[in-house]
Amino acid sequence: MASGRHVRIMIAKLGLDGHDRGAKVLASLLRAEGYEVIYLGLYNTPEMLIQSAIQEDVDMVGISFHSGEHLTLTPLVMQELHKQEADDLPVIIGGIIPPEDEEKLLEMGVSRVFRGSLAREVIEYLDDYFSTKGP
Amino acid sequence: MGEKKEDAGMADAYHEKPADLETWSGLPLKEFYSPDDISGFDYKMKIGNPGDYPYTRGIHRNMFRGRYWTRREVSGYGTPEDTNERLKYLVAEGASGLNVIPDNPSIMGIDSDHPRASGEVGVQGVPMCTLQDMELLMRDMPLEKISMSLIASSTQTPVALSQYIALAQSKGFKPGDLAGTTQNDPVHCRYAGFRISSPIDLALKTGVDVIEYCTRHMPRWYPINVNMYDLREQGLTAPQELAFGFSMAILYIQGVLERGLDIDEFAPRFAFYCSAHIDFFEEIAKLRAARRIWAKIMKERFGAKDPRSWKFKFGVHTAGCSLVPHQARNNIIRVAYQALAAVLAGVQSLHCCSYDEPIALPTEESVRLAIRTQQILAYETGVARVADPLGGSYYIESLTEQIEHEAVRIMEAIDGKGGMKDALESGWIDAQMDEASLRYQREVENEDRIVVGLNRFRIEEDPRAGDAHRVNPEAERLQVSRLKLLKESRDENAVKESLREIKLRAEAGEHENLIPAMIEAARNYATLAEVLGTVRVAMGEPYDPFEIVSHPFF
């Protein structure tokens with residue numbers, strides 16, 4: 001990964017969905033790769049998430065969805081980003097996502113969708129992303 | 001992604017051998033097993049015929065010759081009317097039991113009109129706010145004839161049960177006429193993503209109330225289904241699944257004993273919900289070991305004298321976490337092996353995952369396939385003809401023993417930490433789960449564990465090829481406006497009075513059973529949040545787990 005200051009990533013669950021095993025495991029595995037991860041835990045609203053992300057000055061936000069709320073909640077996240085004038089903060093999404101929704105999420109402004117991927121694919125993407133852009 | 005291995009050529013593939021010589025849970029295995037491995041086993045004491053203590057070989061002498069396992073499929077989505085349609089479809093397709101799951105707001109004990117319920121109503125289950133929802137959900141269903149499983153598991157359970165009873169009473173039936181199951185394992189809900197709404201004392205109180213009430217008034221109802229499955233889904237090993245699940249069961253048992261019931265009055269109606277994971281023999285051995293452990297817990301630890309108390313009754317949910325979205329049709333095969341393991345282990349009730357669950361809510365087609373998987377097992381393969389067909393296998397009996405030994409060791413460790421309540425509150429159980437899930441994922445990442453289609457044999461898939469099931473987008477709006485209308489039209493004073501009664505009883509002490517007062521409140525169309533919130537406040541918790549909404553009356 002990029003040298004200099006650690007890349008900071010916020011990982012969160014939104015809404016009432018409690019499937020947090022994937023998010024927690026990914027947070028641990030990213031930390032093991034040298035990323036600084038802030039795991040925001042369960043039950044966040046889009047407002048709570050974006051406010052925390054700005055406060056913590058993170059370089060990327062990762063959201064884990066497992067209960068079908070990605071199409072309703074993601075637009076609210078993007079709206080909130082816009083409201084906070086933080087449109088350039090990249091958002092990635094992972095979890096249980098129907099393949100045909102991937103394009104819709106990308107159109108909403110999501111940088112990348114991982115559908116039940118391995119952590120190493122996420123790490124590969126992050127390493128690549130931050131080696132070109134820096135944190 | 002694994003290309004290197006696949007390109008290594010035919011010679012390597014020809015000589016390839018299993019790299020992983022332990023069970024999924026890491027138990028060591030030998031090359032083969034022989035009479036030496038079970039030479040010390042006293043057949044009668046340790047294994048026994050099917051139907052005989054300690055029930056290693058099954059709880060019925062004739063097993064499926066007496067009756068097939070119940071084939072249940074979980075449903076719940078959209079409005080109560082939408083789910084009612086799905087239930088009727090399942091009955092028409094030959095499902096022999098019904099399983100309804102509430103949506104996330106209902107599981108958490110908040111109503112569809114709660115600000116945090118927005119975007120969640122009818123998404124992952126069906127809303128169950130009031131008696132009206134129950135009336136719509138069960139429309140045209142003969143309550144006295146069906147076996148109904150309410151997968152109300154959380155602190156919501158006593159309210160859902162009260163709604164069901166109030167509905168039955170309005171049709172002239174008594175609680176004793178009803179057959180079915182409530183999952184009612186609110187303590188475990190902290191590990192199913194609902195910690196905020198499952199404080200341990202409230203969870204134990206509601207769980208024990210339901211068991212006590214059903215024991216006294218509903219002889220055809222199974223009041224509790226201890227959910228080992230959800231624990232296993234956190235990444236646990238097979239022995240941990242049993243040890244943590246039994247230790248939770250013991251918490252409820254102790255609570256019910258304190259209400260003055262005798263162990264043999266309620267233990268015969270205790271049931272369990274287990275996982276069938278992907279390691280075929282280990283899962284069979286696990287379920288056989290579970291029967292032996294439970295029989296001993298009942299007889300030796302709690303002094304149960306009724307053989308019905310000794311019998312471990314369980315449903316199986318095939319392991320959702322073993323499925324992957326990549327080449328999703330491969331999941332059909334995973335599920336079939338898991339279902340076969342459950343049947344060979346003598347399961348009472350089986351839920352097969354639909355192959356598309358790692359992608360979206362199941363479609364009608366994929367749910368049908370899950371039912372067909374069970375029907376092929378039951379009617380074509382012949383595996384149901386003889387009880388415990390693997391009993392006596394040197395390997396299976398040894399592995400059963402190994403798992404029993406390891407599970408009992410973990411249970412003793414929990415007792416050594418002051419019991420399950422302390423182990424939960426201290427975070428010890430959480431740490432065990434985090435460690436297990438991280439270990440598993442590292443092994444998958446390193447390809448020490450092969451998951452076909454995920455870390456090996458991956459192909460490019462067409463991202464547009466889905467036909468995911470979609471929830472009726474109007475469901476939330478319909479549900480919320482109906483709830484609003486109901487609140488405007490019900491007898492407000494009657495609601496208030498019945499909530500006051502719940503409050504008084506809850507404040508009278510932990511041993512005061514709240515279900516009769518909850519049935520009255522349900523009849524008056526008090527909402528889930530109002531009823532449960534009243535109990536929460538009486539127990540020193542906030543009315544609303546999110547601390548946004550306050551009590552509408554007091």
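Predicted model: local features only at pLDDT ≥ 70, side-chain atom pairs only at ≥ 80, totals over all residues.
Two strands are taken to pair if DSSP finds at least two bridges between them.

**View 1. Strand β1 of chain A and its pairing with β2(A).** Strand β1(A) (residues 8-14) and strand β2(A) (residues 36-44) pair in the parallel sense over 6 bridges. Within this pairing, the bridge partner of Leu14(A) is Asn44(A), a residue of β2(A). Together with helix α1(A) (residues 21-32), β1(A) and β2(A) make a right-handed β-α-β unit. Of the 7 residues of β1(A), 6 are buried, so this strand is largely enclosed by the rest of the structure.

**View 2. Pairing of β1(A) with β3(A).** Strand β3(A) (residues 60-65) runs parallel to β1(A), and 5 bridges join the two. The bridge partner of Ile9(A) in β3(A) is Met60(A). Lys13(A) stands opposite Ser64(A), which also belongs to β3(A).

**View 3. The contact between chains A and B.** Chain B contributes 35 residues to the contact and chain A contributes 28 residues. On the side of chain B that touches chain A, α5 (104-107) and α18 (428-445) of chain B each supply at least two residues. Helix α18(B) gives the most to this side, with 6 residues. By class, the residues on this side of chain B comprise 19 nonpolar, 11 polar and 5 charged.

**View 4. The largest nonpolar core.** In soluble globular proteins, nonpolar side chains tend to be buried together. The largest nonpolar core of the model has 189 residues, and those with the most contacts inside it are Phe314(B) and Met518(B). Helix α10(B) (residues 238-258) gives the most to this core, with 11 residues. Leaving aside neighbours within four places in sequence, Met518(B) is in contact with Pro158(B), Val159(B), Ser162(B), Ile502(B) and Val531(B).

**View 5. Packing of helices α7(B) and α8(B).** The axes of α7(B) (residues 157-170) and α8(B) (residues 200-217) come within 9 Å and cross at roughly 35 degrees. From α7(B), the residues Thr157(B), Pro158(B) and Leu161(B) meet Thr206(B), Asp209(B) and Val210(B) of α8(B). This contact has 3 nonpolar, 2 polar and 1 charged residues.

**View 6. The covered helix α22(B).** Helix α22(B) (residues 528-538) is mostly covered, with 9 of its 11 residues buried. The buried residues include Leu528(B), Val531(B), Leu532(B) and Val535(B), as well as Glu530(B) and Arg536(B). The buried residues of α22(B) pack against α5, α7, α8, α20 (492-507) and α21 (515-523) of chain B. Just after this helix, Gly540(B) takes a positive phi of about 85 degrees.

Methods: Residues numbered from 1 in each chain as written. Chains lettered and ligands numbered in written order. Core = buried A, V, L, I, M, F, W, Y, C linked by C-beta atoms within 7 Å. Buried ≥ 20, exposed ≤ 12 C-beta atoms within 10 Å, placed from the backbone. Helix = DSSP H or I, 4+ residues; strand = E, 2+ residues; numbered from the N terminus. Contact = placed C-beta atoms within 7 Å. Nonpolar A, V, L, I, M, F, W, Y, C, P; charged D, E, K, R; others polar. Axes fitted to C-alpha atoms, helices over the stretch in contact; angles between N-to-C directions. Right-handed = clockwise from strand over helix to strand, strands pointing away.
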